[in-house]
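Take a walk through this model, one region at a time. Keep the sequence at hand as you read.

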Amino acid sequence: MSIPQQLLPRFRPRPEHRPVATRAPAGPSLRLRWLGTAGHVVATPDTTVLIDPFLSRPGLRQLLRPLTPDVAAIERWVPARVDAILVGHSHYDHLLDAPAIAIARAAKLVGSATTAAVGAAAGVPSDRIEVIPSAGRSLRVGDLEISFVPSLHGRIFLGRVPFPGELTDTPALPLRAPQYRMGGAYGILIRAGERTLYHNGSADLVDAEIAGRHADVVLAGLAGRKATRDYLTRLTSGLGPRVLVPTHHDAFFGPLELGERLLPGIDLHGFFSEARAAAPDARIVTPLYHDNIVIPLEGDPRDLMVVESAT
């Protein structure tokens, strides 16, 4: 029997992983806010993008039925301004809410052909859908340079990738969870000025695709980490980050208001040990849902601060 999310223990980050300030430091900066699961807000003063936003978080029983976005949750947690939504792969816990946000915020929806098909079915105008081919591609959104980097999905169930394949035709919505086919997987590299951030939303990668790239900040998806050989060592040696942020490690079967709770089977302490060995000079930051990570655009990216917010 599954355990209700509210009965799972709360996640309490280590104090050394939370450089908390009462106000944001001065100077140009890149802001990062975790939306739970693999979702993040990435913002400069001029541009805001979302990566894999997933606020609806249906419970396990709801997964037996067709899924619809929770509009109220989206309005509570998504910024008023969004320029683009970037979708790394098309499982329901990455894609379900993205079309609704694109419509509500008049934002661009960017992702695979599967993401595009679901977006079109939801009513996102065709001129606001950007299709990324399997080989990846780069684009510019405001003052952000964005590259979709071909990657792999972690093996979650019995050594297999869940719900593989793609949607080639516009589907009839709403879909059930297994109908959200993966549609290919991408890492997402974002450059703001000289600062770079890489989102690895699932715990696998293609070494050759990240070779020669660099990311000051790496958002490392943890779901499925143990099934991928030398995952963090390969990821960090390829990208050379100075800051490591775990993501996709929280239980996502209840609203964000229940607080941060770990997915069963997630070994966060093992991640810390592996991260220290793989990237000993990197700073580890473990945010909570209400945090804004403020990363300076100049100087050492490790001189970041976490600013706690009420929203």
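Where is the place of His 248? His 248 sits in the loop between β13 and α7. Helices (H or I, at least four residues) and strands (E, at least two) are DSSP runs, numbered from the N terminus.

A word on the source. This is a predicted model, in which local features need pLDDT of at least 70 and side-chain atom pairs count only at pLDDT 80 or more, while totals for chains, interfaces and linings use all residues. Residues are numbered from 1 along each chain as its sequence is written, and side-chain values use heavy atoms, with hydrogens and water left out.

His 248 counts as buried, because its relative accessibility is 7%. Buried means under 20% relative accessible area, exposed over 50%, and partly exposed in between (1.4 Å probe, protein chains only). The side chain of His 248 makes a polar contact of 3.2 Å with that of Asp 93. A polar contact is a pair of N or O atoms within 3.5 Å; within protein, one must be able to donate a hydrogen and the other to accept it, and residues adjacent in sequence count only if both atoms are side-chain atoms. Contact means heavy atoms within 4.5 Å.Now follow the chain into α7, residues 268–278. Here Leu 268, Phe 271, Phe 272 and Ala 275 are buried. Seen down the axis of α7, these residues fall within an arc of 100°, so they line one face of the helix. The arc is that of the directions from the helix axis to the C-beta atoms. On the other side of α7, His 269 and Ala 277 are exposed. The buried residues of α7 pack against α6 (231–239), β13 (243–247) and β14 (283–284).

Step across to α6. Its buried residues are Tyr 231, Leu 232, Arg 234, Leu 235, Thr 236 and Leu 239. They pack against several elements, including β11 (195–200), α5 (207–210) and β12 (217–221). Just after α6, Gly 240 takes a positive phi of about 60°.

Next, Arg 18. Arg 18 is in the segment before β1 (20–21). Arg 18 counts as buried, at 12% relative accessibility. Leaving aside neighbours within four places in sequence, Arg 18 is in contact with residues including Pro 13, Thr 286, Asp 291 and Glu 308.

Finish with Leu 158. Leu 158 lies in the loop between β9 (144–151) and β10 (185–192). Leu 158 is exposed, with a relative accessible area of 85%.
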